[in-house]
Amino acid sequence: MHLAITAVCRTSQKFLTDLVSAVTNCDCRIIEFRTSQLSTTPFCYVLAEGEWNHIAKLESFLAHFDHNPDITLHTHRPAQPAPIEGIAYMLETVSLYRDDILLDLFKFIESHDVHVEEASSFCHISSYTNSQMLIIRMIVVIRPETRIISLREDLLEFCNNINLDAIFEPVKQH
């Protein structure tokens, strides 16, 4: 059984230690852990795994965080997903920042029945041009019935139309 936990803390990163400790003390395993700093706010995502009684114990223990006004915590018991058959591809785009680019990219991906496994984006100021740049990185799964060359051509046309540069290549496992 799995338990997905998202946490945001307004004061310090000490809660990361407390959260990881809670998972292990309840005899659960951490399957996935991610943390990042958004502006000045640390947040994390944890996917814990354990027997149903250990997950219930963890949920009860995490309820103690509700009394801390500096921590916002959400939990969810996700269903076991059916494996997605296909080929994993990495998509990375670079462009001048525009508000609609991320939305347009998600619409393109959805219209081509491509599954997004991971996605992240960030902005930075180019040291060469002093322009605000947008970087988008995704791991997507292309279903077996999708023609990869056709998808690649559509993606290149899409990128050309909105002035995006993109890298689109299979994820290589070592």
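**Helix α4 and its surroundings**

Modeller: The buried residues of α4 are Leu-151, Leu-155, Phe-158, Cys-159 and Ile-162, where buried means under 20% relative accessible area, exposed over 50%, and partly exposed in between (1.4 Å probe, protein chains only). Looking down the axis of α4, these buried residues fall within an arc of 95°, so they line one face of the helix; the arc is taken from the directions from the helix axis to the C-beta atoms.
Modeller: This is a predicted model, in which local features need pLDDT of at least 70 and side-chain atom pairs count only at pLDDT 80 or more, while totals for chains, interfaces and linings use all residues. Residues are numbered from 1 along each chain as its sequence is written, and side-chain values use heavy atoms, leaving out hydrogens and water.

Colleague: Which residues are exposed on the other side of α4?
Modeller: There you find Ile-149, Glu-153, Leu-156, Glu-157, Asn-160 and Asn-161.

Colleague: What do the buried residues of α4 pack against?
Modeller: Contact means heavy atoms within 4.5 Å. For α4, the partners of the buried residues are β5 (87–96), α3 (101–111), β7 (132–142) and β8 (165–170). Helices (H or I, at least four residues) and strands (E, at least two) are DSSP runs, numbered from the N terminus.

Colleague: And the sheet: in what order do the four strands come?
Modeller: Two strands pair if DSSP finds at least two bridges between them. Here the open sheet has the order β2-β3-β1-β4, with antiparallel pairing. β2 (29–38) and β4 (71–76) are the edge strands, each pairing on one side only.
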